[in-house]
Amino acid sequence: AGGRIAIGARIVEVQAIFGRVFNLEPAFRSDGSQFDHLFQDGETFRIGELEAAVIALPGHTPADVGYQVGDAVFVGDTLFMPDVGTARCDFPGGDAVQLYRSIRKLLALPDDTRLLMCHDYPPAGREPAWRATVAEQRRANLHARDGVDEAAFVEMRKARDATLAMPQLLLPAVQVNIRAGMPPPADDNGVRYLRLPLDAF
C-alpha cells in the first residue's frame, strides 16, 4: 500500500503566499492537492496500533501542526528547549500573536505531558536535547514561560526576528515543500529550476 503524505489543512495559505513570492507556473495549484490528505485541527489518525491527534499550531507559518500520541506531543516549529525559547514568526504568513496562542494551547496540557522538539540550538556547554515537559516549559521557557503575556511576547518576538538572518536553504526548500516533496515541473528545455527572487526579501 505504501505511505501517504499529509499536512495541516492551512498549507493552502502557504501555497498561495509562496506561489506569489516565486511567481510559480500558472498550473501550480494552491489547493493542497499535491498531498494525499489535509489534516484538520482535532482530527485523529492511526500509526499502526497508535492513535495520534492533530493540534493546529499556527504562528511560525499558518500550516504548522503538532501531533499528540498518548502523553507526548511533537510540537513542530512552536517551542524549542526552555533555554532557547520559541520559533520565529517573520516568514511570509507568520504571526507572533498566533504563535503565542498556539504555545498557550500546548502549555494548557497536563504538566507531565512530554513535548518533543523539532529543532534545538543548544547554547555553549549543553548537549543537544529534544524533550521537555509542559511543567518545565511553563516554568523556564526563555520567551513564553508563565507570566509572559501576549503583548510582551509579540514585542519580544518581533524585535528578535528582526535580527535573524534568513535560513540558507529556505528559498529552495519551500519550493519543494509546498509541492509535497516533489521538484517543480521541467521548463520547455526539459530542465527543472528552483527560483531565486531578488527583490522579495
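1. The chain forms an open sheet of 6 strands in the order E3-E4-E5-E6-E7-E8, with mixed pairing. Strands here are DSSP runs of E, at least two residues long, and helices are runs of H or I of at least four, both numbered from the N terminus; two strands pair if DSSP finds at least two bridges between them. Strand E3 (44-47) and strand E8 (131-133) are the edge strands, each with a single partner, so one side of each has no neighbour in the sheet. From one strand to the next the twist averages 30 degrees, taken between axes fitted to C-alpha atoms, with angles from 0 to 180 degrees between N-to-C directions.

2. This is a predicted model, in which local features need pLDDT of at least 70 and side-chain atom pairs count only at pLDDT 80 or more, while totals for chains, interfaces and linings use all residues. Residues are numbered from 1 along each chain as its sequence is written, and side-chain values use heavy atoms, with hydrogens and water left out.

3. Strands E4 (residues 50-56) and E5 (residues 65-69) run antiparallel and are joined by 4 bridges; Ile-55 has Gly-66 of E5 as its bridge partner. E5 also pairs with E6 (residues 72-74) in the antiparallel sense, over 3 bridges, and Tyr-67 stands opposite Phe-74 in E6. The hairpin of E5 and E6 has 2 residues between the strands, and Gly-70 takes a positive phi near 65 degrees there.

4. E7 (residues 114-116) is joined to E8 by 3 bridges, and the two run antiparallel. Leu-116 has Arg-131 of E8 as its bridge partner.

5. The largest nonpolar core has 22 residues, and those touching the most other members are Val-73, Leu-79, Ile-103, Leu-106, Leu-115, Met-117 and Phe-153. A core is a set of buried Ala, Val, Leu, Ile, Met, Phe, Trp, Tyr and Cys residues joined through side-chain atoms within 4.5 Å; buried means under 20% relative accessible area, exposed over 50%, partly exposed in between (1.4 Å probe, protein chains only). Helices H2 (96-107) and H4 (150-161) each supply at least two residues of this core, and H2 gives the most, with 6. Apart from this core lies another, of 15 residues, among them Phe-22, Phe-28, Phe-91 and Leu-170.

6. There are 0 disulfides, a disulfide being a pair of cysteine sulfur atoms within 2.5 Å. The sulfur of Cys-89 is 14 Å from the closest cysteine sulfur, in Cys-118, too far for a bond. Cys-89 counts as buried because its relative accessibility is 7%, whereas Cys-118, at 43%, counts as partly exposed.
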